[in-house]
Each structure stands twice: as C-alpha cells, then as structure tokens.
Amino acid sequence: MDETKDSRRRFLAQSAALVGGAASAAVSPPGAAQELAAQPWEHVYGAGFTRYGQPSKYEAPVGRYLVQPYGELAPGSGAAFAPLESLEGIITPSSLHNIRSHSGTPDIDPKQHRLLIHGMVARPLMFTVESLLQYPMTTRTHFLECSGNSNRALTPQPAQLPVGAIHGNMSCSEWTGIPLRVLLEEAGLDASAKWLLAEGADSAHMSRSIPIEKALDDALIALYQNGERLRPEQGYPVRLLLPGWEGNMNVKWLRRIKATDGPTHTKDETSKYTDLRPDGKALQFTFEMGVKSVITKPSSTMTLPRPGRYEVSGLAWSGAGRIRQVEVSTDGGANWTAATLIGEERPRAFVRFRLPWEWNGKPAVLQSRATDEKGRVQPARKDWLAQYSANPYHNHSIVSWAVGADGKVTHVYA
Amino acid sequence: MSTRSLAASVLVLTLMGCAGVMQSGQTGTSKPQALGTPVGAAEIARWDISIPPSGAGLPAGGGTARQGQQVYEQKCMACHGAKGAGKPADALAGGAGTLASKTPVRTVGSYWPYATTLFDYVRRAMPITNPLSLTNDEVYAVTAYVLALNGIVGEDAVMNAQSLPQVKMPNRDGFVSDWPPRER
C-alpha cells in the first residue's frame, strides 16, 4: 500500500515538473482562480488504482457484529452477523456475509486440499480443487441462514440492538459450483444409499447428515461466491450449498462425502439444532428454514427525525421456495398492506420488499409477514413460541418495531 | 498469399475445426466430465472418521472412566469445568429430568441420544486447541468418563468398539422425526 502511495507521489511530482504552472494551479486552494462550485477533491488528482477494492473510509462504521461466547479462548467459535440495517437490495457483500463457525477459519492451501466421495458408491473418488474447477458450472442466488438466527429475539426482554445484531445471522449471495449429483453419478452412487455424511476440513471437522433427495435435487458443490472464489470464512476452497436448508448443513471447507444408509447422528444434528418441545420431546431434522421476513428500515435503534413520508424496506425468504407475498402492518398487526417485491422469481433467495408509509407522528408498531409459494405464512411470535420450550433454533416468527411519538424506533414483543 | 488462396485456407481451417470438434466431442456433447481419481480402501480408512449409532468404523482400543478422569482433568476440564459442570464451554453432565420443564438443561447425559456421537465428536474436534491429538484409548476413556459422570456406565466399564454402541442413552427415545418436513 505504501509502495503504491509512493509511486503515485513520484508520478505527481514528475507530472508537475513536466507541465509546470498548470499543475501548480490544480493543487492551489479551491476557488483561487475560478468562482465555481467545487469541493476540495475536485481540485486535486484522485487516488491511484488498487488491486483489490475497499469501501469508502466514510463507511468504516459498517461492519459485522461479532458474537464470541468464548472470547479470546476461541475467537473463531461463534458467529458474525451481517449489518442488515446498513444494506439494501438482495445480495450481501462477501465481506459482510454472516459467519458461523465452530473452530475458526482454517488456512487451507487449495493445492493440498482434497474432496473424497466414498461409502455406498461403486467407485470411491478423490478430487483435487483444480479438477473441480474444470467441471461445468451452475450459478444461482440463495440465502444462507444459521438455524440459531433470531435467537437473540428470544431473550426475556427485547434486546435494543440494530436489526443486524439480532437477525443478521443470515446472508444472500450468488453461488457458482457443480451440482452435487454430477459428482455422485461419477462415483456411481448406490441406489440404496439414503443419506450422505458431509464433513469439513476445519479443526472441528464439522459434519452433518443430508437426505439423498436433497443431494440429488439442488445441492451445489460451491466454488465461487458473488463472482470470486469463496472467501476463507465461507469455506474456501470448496463448500456444500443446500439451498434453503439450515446454515449448519452447508458444510464449509468440504473434504469428505460418504454415502450411507441412514443418518450418522452427528453432534450438531442431535445435541444441537434439534427443537425441544414443552413435552420434553425434541424435533430432529428441521432442515428447511421457515418462511420469514424482517423490516430493516426503519428498525430498532433508528430515529425518524420528523413526521412525513418514509419507505418501509426489508427482506423476506423461505427455505421451501419462492416468496409469494409480504404484507406490512404499521398498527401492530390489525391491518396489513401488500408490499412491492423485488427478486420474487428466485426460490430460496432473499426478496427485497418496499412500501411507502406516511408517518403521522403518533406511536406505531411496524411488522412484516411473509407468505411463500407453498402457502406457508410467517407465524406470530406467540404462536411460534407455544410450540417449543426454551428452543434457540429456527425462530421465524414476526418481528415488531415500535415507533415512539419522539420518532425513536425500539424492539418490542407484540 | 492471394485472396483466393487465403479464402481457401480459411475454408480448410474451418473444416478442420469442425472435424476436430466432431472427433474430440468437446462442444455440445453430453459426455460428462469425470476427473475424480480412484481411491483404495486403505486410504479411505485414513479419512473416514464418522461413527454412526451402529458403531461401524469404531477403532480398536478401549478405556474406562477411571482412566478417562486423568485425560479429562488434563485436557478437557479447563473449558468444560470440574466433573463436566460446564463454563465456559457446554456442560456435559446433569440436567436429568429437566427436558419437560421450563428450564431444560441439555447435556450429554440428559439429551444426547447416542453414545457413539460422543466418541465421534471427541475424536474429530476435541480438545478444541489440539484436535486429533488423543489416542483412541484416550478417546474411549474420556468418553467412558463423561458417561460415568452421568451415571450411565460404571467407573470400571470398558468402552470399546463392542460395548459403546450397546450403551442405551437416557434420552434415546426423546426425539421425534421432523423429516420429511411438516407443514408450518
């Protein structure tokens, strides 16, 4: 970086020497010779090129929310939430994509990494990353959501945090890779294989069981995210992508797939990510993420400066397919209005919804309610809670933001 | 080169190109890419660390809770607390009878359905700062210790490839299938 600055300075010095007086005028104080509207940066030569771009320094406050329950003992165990309140559109920038990892981000040399496919197959096969990159690719846009997303909306009192810090354990990217079924067919998948075991090359060797139906349907061996190779924290050099299914199953740093006749019952699909009911029994294998939406603007911790016209904007998604409708209420659920949808043609991807709203300066409660193409409707908070007992997973209930007479937006349970 | 011979050359090259495509089958073919390399059983065995409830794939070796206590106190207790009490990492013992209460406590003893999962996870991921550092005997022993903390096996019960899959966990029947997905 310093080298780049130095070479730029040298270039400017040389330019100044060449053109003499003209260059001097360009760096003189604004308006010295011309009484024209111009900011200081309009009078000076701009920065040179960089090999890999960065956001404006003025956007430095925008960043992920780090949740590190073990602190410095295990700083890569936990999650980083996407700052949803600062983002618009559908795609989450790769640098702000949420992260959920168990044992940190491994430093994987793609030349050394291998993917093994074995178990109930005719021909166990080993793949190098270089060979995977030669396969025909498929590109699709899909959300990824941690099953524990929105568990921070289950505290006894509503957390007064930005929406990203509560609901940002999810993101949406364009993914490019190889349909998993292509590699399974190459290995000669046994017709009696019913499940797969997928395993990562992180130091937790994170592993999950996956029904064969999903593997042969839309599962991807992903190599690219938003046009570039996967980021390390998203599974570089290769990850599993199971569109619409709980984030934990989308095994990062994929090193092994074993075809089996039943689920392996790994730690993460038994002791974690199972949904305990009030009767003491737990639901196992809630794979599909429920139909869900959240208003990102206005949202918790924001302030509306004055009554008037605002746009309610938010995200909706469903693990079961496309979003058919998102309704917005500004009176705590008494009345609902359909919002405009952007991107609703894509299954298992974020949809952006927007609705103009005239705030009259009186207290209001903003809610959004999504319906997917299967006709599933996002549940009310109390209805979702009634199904479970202290269950931190798969919360897809309606989110409420209260707007006070002073314009302050707070998180409420309604 | 005259215009005519240039045109002729282009024609020849074009035909060669077409012939080349047809012969090599590179364009518009349905023949799949196949770049995986065959792997033998010995190599697969070095990779295959997942243990299902049947116990298939459990390695040779074994250990008791009494032996496992020492391993636990040296390598696990700093995160999982004395006798599996937890903090900062998950509690491993206790919580029996709490699952139907308003404050359920989910531990290996109260919640986990299979003992094989404990061996599998300790071997693949623990201790968090140095996974894959325990011998198979140590993994069996520390598995036995955690089971004993929960009163599931005795202090001198040997956990090995035969006995571990036979252990009936208290919450073995505590799970209801949610696959295929229900309506919600």
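Modeller: Two strands count as paired if DSSP finds at least two bridges between them. The model is predicted.

Start with the sheet in chain A. Four strands form an open sheet in the order 16-17-21-20 of chain A, and their pairing is antiparallel. Strand 16 (292–297) and strand 20 (340–342) of chain A are the edges, each pairing on one side only. On average, neighbouring strands in this sheet are turned by 30° against each other, with direction ignored.

Five bridges tie strand 16 to strand 17 (residues 308–317) of chain A, and the two run antiparallel. Within this pairing, A:Val294 stands opposite A:Leu315 of strand 17.

Pairing also crosses between chains. Strand 5 of chain A is joined by two bridges to strand 1 (residues 37–38) of chain B, again antiparallel. Here A:Met126 faces B:Thr37 as its opposite residue in strand 1 of chain B.

Next, the wider contact. Chain A contributes 52 residues and chain B 42 residues. Several elements of chain A give two or more residues to the side that touches chain B, among them strand 4 (114–119), strand 5 (125–128), helix 5 (180–187) and strand 13 (254–260). Helix 7 (267–270) and strand 15 (282–284) of chain A are also included. By class, this side of chain A has 22 nonpolar, 20 polar and ten charged residues.

Methods
Residues numbered from 1 in each chain as written. Chains lettered and ligands numbered in written order. Predicted model: local features only at pLDDT ≥ 70, side-chain atom pairs only at ≥ 80, totals over all residues. Contact = placed C-beta atoms within 7 Å. Nonpolar A, V, L, I, M, F, W, Y, C, P; charged D, E, K, R; others polar. Axes fitted to C-alpha atoms, helices over the stretch in contact; angles between N-to-C directions.
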